[in-house]
Amino acid sequence: MAHKLTTCTFCGVGCGLYLETDGKNIFGAYPSMSHPTNRGRICIRGWHVHEVASAPDRLKKPLIKKNGTFVETTWDEAVNTVVQRLREIKEKYGSDSLAFLCSPRCSNEESYLLQKFARAVIGTNNVDHGTGVYGHNSINVLLEMIGVPASTNSIEELDKSEVIIVDGVDLGKQLPTIGGRVIRAHLNGAKVIVIDSRRHRVAENADIFLQIRPGTEYILYGAMCKIIYDKGLCNRSFIKGHCQDFDKFLESIRGYDLIGASDECGVAPDLIEKAATWYATAKNAAILYSTGIESRRVESIIGSVNLCLIAGQIGKEGAGIYPLTEHNNLQGVCDMGMIPSRFAGYYSVDDFAGRARLEKIWGKRLPTSPGLNARETLTHCGNGKIKAIWLCRYDPVSTAFFADAVSSLERAEFVVVQHLFKTATGDYADVILPCTAYGEEQVTFTNTERRIQLTAKAIEPLGEAIPAWKQICMIANAFGENWDYNTAADVMAEIGRVVPFYERASYDNLSADYGRQWPCTLEKPHGTKTLFADGDIPYKFKFLPLPGFTEQRMEEKDYPLQLIFGHSLYYWHRNVLIQHSEILKREYRILLLDYPEGFVEVNTSDAEKLKVRDGEKVQIVARTGSAVAAVRLTNEIRQGTVFVPYFLREVGEKILGRAINGQDYVPVRIQKLTT
Amino acid sequence: MNEKTEKNIYLPKIAILDRVVDEIKDVRTFYWHFEDPAEQEKFKRFLPGQFAQISIFGVGEFPASLPPSPTEKETFFTIRAVGTCTEALHRMKPGEKFGVRGPYGNGFPMDKYEGKNLVFVAGGIGLIPLRSCIIYAIENRDKYGKIQIFYGARTPAELMYRENLSQWEKQAGIECYLTVDRATDGWQGNVGVVGSLFKKPGVKVSVENTIAFVCGPPIMFRFVIKDLLEMGFSEDNIVSTLERYMKCGVGKCGHCCIGSAYVCVDGPVFTYRQIKKLGEDI
Amino acid sequence: MKARIIESENVMKIVDLLMEKYEVIAPFSGLGRDSFFERVTDENKHLIKLHIPNPYYPPKRFVFPHIERMMRIRAGKDKIDIEPEYNVKPLAIFGIRSCDVAGIGHLDRFFLGGKYRDCYYEIRRKSLFLVNMVCSMPGVDITDECFCLCADTGPAARELFDLQLMDIGDVYLVVAGSMAGEEFLRDPIFKKATQEHVDRRRAILSEVRKQFKDTTSWFSATVRYVSQGAVLEKTWEEIGNRCLECGGCTYVCPACTCFTVSDRKSANGEVERVRIWDSCALGGFTRMAGGFNPRKAVHDRRNRRFYRKLAHYFIQRELSMACVGCGRCAAVCHGDVGMPAVVEMIRRATVQVEAK
């Protein structure tokens, strides 16, 4: 029996936990008491994270589709088939006819190698990770405003925050360890401000709960900034010394008067004023928001960063801004460049210097224009442009919400899938390559506070499963390359040369402690807990103007309710772990069993007006289409808003699928089903 | 069988499905017997009100009340298909095998009730567990005083055990009153909730020296209890059988624990006084 | 009990002796202040550490595993074969703390008492040899979360162990608590103890007891309030608001026993019936097929947990309280609603009402 310290790979917190194993099976999992992020706590998913590896329907051998059915085959045949078909398609249609998509759960090593393969070997920038358009919003805004597309502070610092703003994320269900930190900080005297249209568990512990109308976050932030300015509470020395474009920003929020904003957002003006005052006068205050699918339009993120800068709440312990990554390696996957417009390390593909540097290290010419993103690729197969799709641990048929994965996969001439299980996507594949599961390989993941952590290899891989990163090497080498990475540590060594802030993140360094937080460089080999601390601000932060404030909300007579989407309970994108853990399956199925065809959450008072009962089937009608769902009465949702969980296919396809890009709510009306 | 296996309380015994009879919508009765005649012998000594754990191998286990009286020849369950396990059972054909463990629970103390009058009040599929006591009482007729049965369902199509019902209506020496909430074509009987039967002209509900057995959906339960208490029944003389999510059936897994009782070991039969003390929503 | 002593540098010889008859589990250090119970081999023997924080993954899993295969079921054409699986490997836990010993004692009463005896538990328990280690170093063995004094289970267990060791300076005092323990003490490495040794033990324990927080009286008052149903609904709601339904408190508790049973199709067409730890903190714990869930709201579930642990009825029923004062639930809880915090909340809230 051995106890291996590893990292949980469920959500972006990356809790430290131990696996109990006898080399052949994993028997149990429990938290690490000393890990700085979770300090002895994990959530219900962490307690069951070890169950996936032993699931009976794991793929053990590569599969090839022959005459419409899958046949087990050897690695040689699988690799050769993939190489042959990719080559054929590249020669016939050009490099940009191939697309490479990975899941935000992929390890750093496999993400890095996949985008290297796509760019250096195939010659295309059609790479993306599956979260869709919202994740990119955060990266671009943060890079522009503060120069770093990641959390500026660490999770353990929340103990020291005087004020914590939790914006639009149900911490209790998505990132419970952080939710726990916020609750305990509150018990210790921190002031918690929750901004959300749904009343969730952490909101029950808030000092101020701003239950705003969906989509009005930027108005709230704009108003808060204006209050701070009007009251003379800006951090003038900070703004003068470290920021630029303040005047332009100030001009843009001139119209964000408190009463107007309060009206638009639907919350009392004194609450907004109190929240703003608390935030600006706190010694250190933090803002947490999520980069998950539920999140933000560009303006909201701009608004929150502006708020952070105007009060100077950055560069000190307990302060900062946290773009929380809900998937375990969303941060790492982006760091590794699985983005169509950026290489590993966030260099723009059209930035000459960054590209030249990479070309020198890789010894190859690299494509110069941004590629198609996941949504584009999976919409009519890139409108006909894409002929081959490579999916690394990604199951878009089950989880891609915003596009039509099925028809795109059908249309593609060649689809290769790397995964643990066959999955719904597997039906449309031509070749399926079996990957190793959690506990079967040692690789790295980067959590939401930039901590690069190792997972332990506790047992041998099942059957002939091979680590995904190794599979990419095999295929690259069969293509004629000379990738001689023997171990994942070798891949990490190269990542250290390519991505400056991963410079010293070698496996030796990472295993000396609980991983390392980047930037982990020669000057800072122990990693960096707080960014910009001790006055270490090498450039100016940038304020960005908010859109002019106009009375937007027109009471749409025909569509008086706002429909928002999101996670529900432990649904989590029909995640692989939940499917294979007895208890998680039971828990996540509760809502599914109560409402077998999905549900739409309606506020009790709204339901009274509509005269609908709990469980009753209703029609949700939007301008773009309509769908049917069962009503779930609750007071958690805001009046005037209805909520639909992501797994409601019909609603998604008929309503959101055609909705305007970037909009986070859709005006709808609810009507009784006419039988 | 070695000693360890004999003492293994979780080991199901193999049972063979004999035949399946459709009762009402989604409800079927499954006639079965143990593969091992010795097990069948042991099992037949169950008490009315007890239950058994049915195993559908590969799917799961679930508890089922025992509707036959121990005096009857055939053993059977009446099950509604409402979840994965029950639906799997509904797909089984005669000759197929499944597992049974039991009997478990405390059962109705029919011997303690000897000499008393018995009033049975059931709603919908609540008749399933009470059927066992009713048949037992009828088969031991001279041990009990008056026997009155009050039974109702939502519609005539939802009345359970129709063959038994006609027998009981015709049988001398027992009273059987039926009602439906909503009548459909052809229904000549009473229309109204079960409680309405108590006030029907010609019906005199026995109260003195009487035990009332009540089983049905929560709403019906609440109203019937109210009526019975108003009539003068004491809380100790009203008994019911409770349902809870169960996994082991032997008081170890913790799922069926309400208040200070484990339904599978301390129940499922409780007096109304005990139910009140348990303090949770029924 | 005849007391013996063994020199501190020879304590590990006990492990060697145990390894002759048992598979030995002992405490080891992980990273930082992490610690865990692990199997002893010749290679890692020298790394055993007795004076470390009590490992958080509770040793109850050696008699009641996190996931345990109960039986294998093979459905053939006409025949169904059910093959139960029992674990009879003799196991010795070296360095188990007094709170955990009490926990195993509670499990004994629960699984082996009542109307039915759990054979899987019984078989594992029969082949278990417990070497209890008395906690004597505040700050090292004893942490801020410990409250075994309130639960009257420590720092020195009074029963249910086979051997008990206590570090009294240059030697360890050893006593036996069972026949098997007495047998063990016959080995010549143990020397007779003197009255001076016993006095030293008494003095150290007396000092150690003073280090615990002074909340002994709170437990009994809380038992009273909970048993009488006097706890305000508002208090349960407050507790529920802080609970993130992770199940951690149940999994780490040495006295929690709930499990669920599941049929899983194993690789070669067989079905295995396994039992897995379950937690009443989870929403699906009481949900019935058909949808009815008597404890849907989180505060109803928390209510149930603390009633089960603190109500007088259950303490009487099992002659053992389902809380051993180890403090793990407090350490593992996101919202700080472990036993000590809840006891405090209940006491504060109910006292205020009484004062009115």
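This report describes two interfaces in a predicted model, one between the two domains of chain C and one between chain B and chain C.

## Domains of chain C

Chain C is divided into domain 1, made up of 4-62 + 84-211, and domain 2, which covers 219-355. The C-alpha centres of these two domains of chain C lie 27 Å apart, and the contact between them takes 27 residues from domain 1 and 28 residues from domain 2.

## The interface within chain C

The size of an interface is often given as the accessible area lost when the parts come together. For domain 1 and domain 2 of chain C the buried area is about 2,100 Å², with carbon and sulfur atoms giving 64% of it. On the domain 1 side, Lys60(C), His106(C) and Phe147(C) supply 31% of the area that this domain buries against domain 2 of chain C, more than any other three residues.

Two salt bridges are found across this interface of domain 1 and domain 2 of chain C, and the count of residue pairs in polar contact between the two domains, with both residues at pLDDT 80 or more, is 12. On the side of domain 1 of chain C that touches domain 2, the elements that give two or more residues are α2 (98-112) and α3 (119-126) of chain C, and the largest share, nine residues, comes from α2(C). By residue class, this side of domain 1 of chain C divides into 17 nonpolar, four polar and six charged residues.

Arg328(C) forms a salt bridge with Asp100(C), in which the closest N and O atoms are 2.8 Å apart.

## The interface between chains B and C

Chain B gives 43 residues to the contact and chain C gives 48, and together the two chains bury about 3,600 Å², of which 59% is on carbon and sulfur atoms.

Across the interface of chain B and chain C there are two salt bridges; in a salt bridge between Arg273(C) and Glu61(B), the side chains meet at 3.4 Å, N to O. Between chain B and chain C, 20 residue pairs are in polar contact, both residues being at pLDDT 80 or more. The elements of chain B that each supply at least two residues of the side touching chain C are α1 (3-6), β3 (51-56), β4 (60-65), β6 (97-104), β13 (257-258) and α8 (263-266), and the largest share of that side, three residues, comes from β6(B). The residues on the side of chain B that touches chain C divide into 20 nonpolar, 12 polar and 11 charged.

Note on methods
Residues numbered from 1 in each chain as written. Chains lettered and ligands numbered in written order. Predicted model: local features only at pLDDT ≥ 70, side-chain atom pairs only at ≥ 80, totals over all residues. Heavy atoms only, no water. Domains from an automatic or database assignment. Contact = heavy atoms within 4.5 Å. Buried area = accessible area lost by both parts, 1.4 Å probe. Salt bridge = Lys/Arg side-chain N within 4 Å of Asp/Glu carboxyl O. Polar contact = N/O pair within 3.5 Å; in protein donor to acceptor, adjacent residues only side chain to side chain. Helix = DSSP H or I, 4+ residues; strand = E, 2+ residues; numbered from the N terminus. Nonpolar A, V, L, I, M, F, W, Y, C, P; charged D, E, K, R; others polar.
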